[in-house]
Every structure is written in structure tokens, then in C-alpha cells.
Amino acid sequence: MGIISPGFGGRRRADDGRLPPGQYLTEDFPVLTAGPTEFVGTDRWELSVVTETGTEHRWSWADLMALPAETPTVDIHCVTKWTKLDTTWTGVSLDVLLEDVETAADYVMAECYGGYTTNLPLDDLLDGKAWIVHKFGGEDLPARHGGPARLLVPHLYFWKSAKWLRGLRMMDQDEPGFWETAGYHTYGDPWREQRYWGD
Ligand SMILES: Nc1nc2c(c(=O)[nH]1)N[C@H]1C(S)=C(S)[C@@H](COP(=O)(O)O)O[C@H]1N2
Ligand SMILES: [Mo]
């Protein structure tokens, strides 16, 4: 109440309670890739959504660009403990992309050029919580950060934000992706510190 100690006077906490447990703030944008950077030209880029009944929907780059875009500013949290606040992206909401996709599946496997995979509940991709992004800070997304397009699911640890996204496969049951098979948590909520199996 009204007591401001010298040296701290007027200085707001940098993170405003936006730092999940066990995380530290970084101003950098580290690159974390399990293998080599993929280089996928937009001329051959394609996104496919396959439902649990085998129905396939496809988008070319031009199709993706024709969809209405949003520019969310969000905080991202990597399981290696860095958090970056206020990152601004441009992309298509999964609500828009999946509008005409009929599915009763509860889970999705995100599949990437290069073979990386990660699993998510379908609900975590909907209701304004996830995007397929192709710009970072107003610039085309660099290949090292998943360009031409990556998944952005900021409310989960950043390993769920699949780079070089190639497709979404709907699944009736949860299945582990690349890191989840190697011991990472199946869901990965940074606020509950769900880093590894058993967390
Ligand atoms: N295709 C692909 N996507 C991926 C990864 C990967 O190795 N391959 N690494 C994940 C992990 S562990 C993190 S923390 C983020 C890192 O994204 P960045 O390199 O843009 O910081 O991408 C995620 N998406
Ligand atoms: Mo990560």
C-alpha cells in the first residue's frame, strides 16, 4: 500500500503475472528444431486436413492467402523455459480454416514437412485459440521459425506450434507426436507446468 522502495519506485513488474511457473523472460527469439530447417517454397506448399472418416480437404498457398487473416499478439512459452511476451503474428484462424470440415474427432495430429508431428485436442485449435501463421512482426515468417507457415497455439508449450505445417489429421483417440513419444506431456499446459509425462 503506497510504499515504494528506492530503486524499485514506479517500476512495474516486467511480466505482469504473465510468466508461467519455472519460466524466464527472453527478448531473443531462439530457434528450436529437432532436425534441419525445412525450406518449402510457397509454389509447392500445400495444407491438407484429413478427417477421421478419410475425407481430405486441401489448400494451396493461394487458397490460404484468400482466407481472412488475423494479427494476434500473444505470449509464447517454450518447455526449455524461455517465455517471449507480445509476439505478433499474422495468419488464418483455425476456426476459419476448419469451418467446412465435418468431424466428430476429439484429437488432431499436426504433421509437418520434414516429419515432425505433435498431437492436440481439437478443442484447443478452436474458439480463437490457434492460427496458421505466415508472418512474424509483419514480415514473412523466416524458414527457421517455420515459414512459409506454422501452427501457432500459444496457450500450450511452444513445441505444439508445429513449424512447416503440412497437414492436420483428425483422430478419434489421442496419439503421441514426436516429443510426446520422447517423454513430453501429452497436453503441455505451461500454467500447470505440464512439461513431461507425469507432470
Ligand atoms: N516441424 C517442427 N516444428 C517444431 C519443432 C520442430 O523441431 N520441428 N520444434 C518445436 C519446439 S520444441 C519449439 S520450442 C518451437 C520453436 O519454434 P522457434 O524455432 O520458432 O522458436 O517449435 C516447435 N515446432
Ligand atoms: Mo521447445
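A residue is taken as buried when its relative accessible area is under 20%. By this criterion Trp82, at 3% relative accessibility, is buried in the present model, which is a predicted one. Phe29, with a relative accessible area of 17%, is buried as well.

The aromatic residues were examined next. A search of the whole structure returned 13 aromatic pairs. In one of them, Phe29 and Trp82, the ring centres are 6.4 Å apart and the planes stand at 70°, so the pair is edge-to-face. Phe29 belongs to the loop between strand S1 (24-25) and S2, whereas Trp82 belongs to strand S5 (residues 82-93), so the contact ties together parts that are 53 residues apart in sequence. A further pair is formed by Tyr116 and Phe178, whose ring centres lie 5.7 Å apart with planes at 40°, so this pair is tilted. Here the loop between S6 and S7, which holds Tyr116, is tied to helix H3 (residues 178-181), which holds Phe178, and the parts so linked are 62 residues apart in sequence. Tyr116 is buried at 18% relative accessibility, while Phe178 is partly exposed at 38%. Both residues are members of a cluster linked by ring pairs, which also includes Tyr157, Trp159, Trp179, Tyr184 and Tyr196.

The strands include an open sheet of 5, in the order S3-S2-S11-S6-S7 and with mixed pairing. Its edges are formed by strand S3 (56-60) and strand S7 (117-121), each of which pairs on one side only. From one strand to the next the twist averages 15°. Strand S6 (residues 107-112) and strand S11 (residues 165-171) run antiparallel and are joined by 6 bridges; the bridge partner of Met109 in S11 is Arg169. S6 is also antiparallel to S7, with 5 bridges between the two, and Val108 stands opposite Leu120 in S7. The hairpin of S6 and S7 has 4 residues between its strands, and within this hairpin Gly114 adopts a positive phi near 100°.

Although S7 is an edge strand, 5 of its 5 residues are buried, so S7 is largely enclosed by the rest of the structure. Cover is present on both faces: Thr117, Asn119 and Pro121 are buried on one side, and Thr118 and Leu120 are buried on the other.

The largest nonpolar core contains 36 residues, of which Leu94, Leu97, Ile132 and Leu151 touch the most other members. At least two residues of this core come from each of strand S2 (46-50), helix H1 (61-66), helix H2 (94-97), S6 and S11. When residues up to four places away in sequence are not counted, Leu94 touches Leu125, Leu126, Ala130, Trp131, Ile132, Leu151 and Leu168. Another core, of 11 residues, lies apart from the largest one; Phe29, Trp82, Trp131 and Val133 are among its members.

Cysteines were considered last. A disulfide is a covalent bond between the sulfur atoms of two cysteines. A search of the whole structure found 0 disulfides. The cysteine sulfur closest to that of Cys112 is in Cys78, at 15 Å, which is too far for a bond, since a disulfide requires the sulfur atoms to be within 2.5 Å. Both residues are buried, Cys78 at 7% relative accessibility and Cys112 at 3%.

Conventions:
Residues are numbered from 1 along each chain as its sequence is written. Chains are lettered from A and ligands numbered from 1 in the order in which they are written. This is a predicted model: local features need pLDDT of at least 70, side-chain atom pairs count only at pLDDT 80 or more; totals for chains, interfaces and linings use all residues. Side-chain values use heavy atoms; hydrogens and water are left out. Two strands pair if DSSP finds at least two bridges between them. Axes are lines fitted to C-alpha atoms, for helices over the stretch in contact, and angles run from 0 to 180 degrees between N-to-C directions. A nonpolar core is a set of buried Ala, Val, Leu, Ile, Met, Phe, Trp, Tyr and Cys residues joined through side-chain atoms within 4.5 Å. Buried means under 20% relative accessible area, exposed over 50%, partly exposed in between (1.4 Å probe, protein chains only). Contact means heavy atoms within 4.5 Å. Rings of Phe, Tyr and Trp (its six-membered ring) pair if their centres lie within 6.5 Å; planes under 30 degrees apart count as stacked, over 60 as edge-to-face and the rest as tilted.
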